[in-house]
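Please look through the sequence and the model shown below before reading on. The briefing that follows goes through helix packing, sheet architecture, chain composition and backbone details.

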Amino acid sequence: MNLEQLKQLKEKAQKQIALREGGKKYRVVVSMGTSGIASGAREVMKTMLDEIEKRGLDDVEVHVTGEHGLEDIEPVVLVEEAGGEKTTYAKLDTEKAKKIVAEHLQKGRKVDNLAVGRQKKTE
Amino acid sequence: MFEELSQHILDIAMNSISANAKKVQISILESRRHDRLVLRVRDDGCGMDAAMLKRVLAQRWSSKNKRRKPVGLGLAFLRQTSEMCGGHFHVRSAPGRGTSVTASMRLSHIDRPPLGDLNTTILALCATDRKMDVQLNYRSDEQRFFFDSQEPAKKGEVNL
């Protein structure tokens, strides 16, 4: 275990805590249950956080939650827009996660070939 | 199965969130001198009674998501890993008294998974919806490290 890496943790955690304060345009929810973790949800979350930081997107917040009940298509990420529109992305990996950040979160274009299910609009 | 011990830690600590814990304490002791690695995840959540404790340790039983397909392998996975690596696995819990999960293993055991990306594990726990205090206490023969997610807020370094 590298102590230097652990020291960086404090800095990153502070940013992350500041990021979850709400009122952002996009809310990204990563499913982090047993099957999610086993299929790489943690790495997907890290890639998204890094990519969001790299691109300087400050209208995005990233949250972690338990199982979504979609165990067979993990890792699953839900993108909620301020207007109430929800998109579920499934079977992700780090490359696909980068694409979602670049397309959906930065340019506002949904990545249709990675999305699953029908569009849902909540009131 | 998980490839890294830090994935086990994340998985176990996610249970603390379901148990409505306000605080989760993760401690890691890595001692080359004693050839031992000990992980402990302790929370102040709702806890479990003896009957439930017995069920969660069996594979394929989960308290979550009854309608869907419960996986219920988290604790079973960690038990398998620690027992496979010459260690012990222990859960202590009582209703209203929180839960403490301890897993030990032989540090030099050939099958022992690496600790892995502990930072991302802690980051993920800091990103949950519930504002849970996450503490990490890491100790080895030479060094100590302590992290507390409440610490930055206390010092006023983060604009909340």
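Predicted model: local features only at pLDDT ≥ 70, side-chain atom pairs only at ≥ 80, totals over all residues.

Residues are numbered from 1 along each chain as its sequence is written, chains are lettered from A and ligands are numbered from 1 in the order in which they are written. Helices (H or I, at least four residues) and strands (E, at least two) are DSSP runs, numbered from the N terminus.

**H1 against H4 in chain B**

- The axes of H1(B), residues 5–18, and H4(B), residues 118–126, come within 8 Å and cross at roughly 15 degrees; axes are lines fitted to C-alpha atoms, for helices over the stretch in contact, and angles run from 0 to 180 degrees between N-to-C directions.
- That angle makes H1(B) roughly parallel to H4(B), since angles under 35 degrees count as roughly parallel, over 145 as roughly antiparallel, 65 to 115 as roughly perpendicular and the rest as oblique.
- H1(B) contributes B:Ser6, B:Ile9, B:Leu10 and B:Ala13 to the contact, and H4(B) contributes B:Leu118, B:Thr121, B:Ala124 and B:Leu125; two residues are in contact if their C-beta atoms, placed from the backbone, lie within 7 Å.
- The residues of this contact between H1(B) and H4(B) are six nonpolar, two polar and no charged, with Ala, Val, Leu, Ile, Met, Phe, Trp, Tyr, Cys and Pro counted as nonpolar, Asp, Glu, Lys and Arg as charged, and the others, Gly among them, as polar.

**H1 against H3 in chain B**

- The axes of H1(B) and H3(B), the latter spanning residues 74–84, come within 9 Å and cross at roughly 145 degrees, and this crossing is left-handed.
- On the H1(B) side the residues are B:His8, B:Asp11, B:Ile12 and B:Asn15, which meet B:Gly74, B:Phe77, B:Leu78 and B:Thr81 of H3(B).
- By class, the contact of H1(B) with H3(B) has three nonpolar, four polar and one charged residues.

**The sheet of chain B**

- Six strands of chain B form an open sheet in the order E3-E4-E2-E1-E5-E6, with mixed pairing; two strands pair if DSSP finds at least two bridges between them.
- The edge strands of this sheet are E3 (89–93) and E6 of chain B, each of which pairs on one side only.
- Neighbouring strands of this sheet are turned by 10 degrees against each other on average, with direction ignored.
- H1(B) packs on the sheet and touches E1, E2 and E4 (99–106) of chain B, its direction making about 20 degrees with that of E2(B).
- E1(B), residues 23–31, and E2(B), residues 36–43, pair in the antiparallel sense over eight bridges, and B:Glu30 stands opposite B:Leu37 in E2(B).
- E5(B), residues 133–140, and E6(B), residues 144–148, pair in the antiparallel sense over five bridges, forming a hairpin with three residues between them, and B:Arg139 stands opposite B:Arg144 in E6(B).

**Composition of the two chains**

- Chain B has five helices and six strands, which run α-β-β-α-α-β-β-α-β-β-α from the N terminus on.
- Chain A has four helices and five strands, in the order α-β-α-α-β-β-β-α-β from the N terminus on.
- Buried residues make up 37% of the 160 residues in chain B, and 39% of the 123 residues of chain A count as buried; a residue is buried if 20 or more other C-beta atoms lie within 10 Å of its own, exposed if 12 or fewer, and partly exposed in between, with C-beta atoms placed from the backbone.

**Backbone details in loops**

- The peptide bond from A:Glu74 to A:Pro75 is cis, with omega near -10 degrees, and A:Pro75 lies in the loop between E2 (60–65) and E3 (77–81) of chain A.
- A:Lys91, a residue other than glycine, has a positive phi near 50 degrees; A:Lys91 is found in the loop between E4 (85–89) and H4 (94–107) of chain A.
- B:Asp35 has a positive phi of about 50 degrees although it is not a glycine; B:Asp35 lies in the loop between E1 and E2 of chain B and is exposed, with 12 other C-beta atoms within 10 Å.

Technical notes:
Left-handed = near helix turned anticlockwise from the far one by under 90°.
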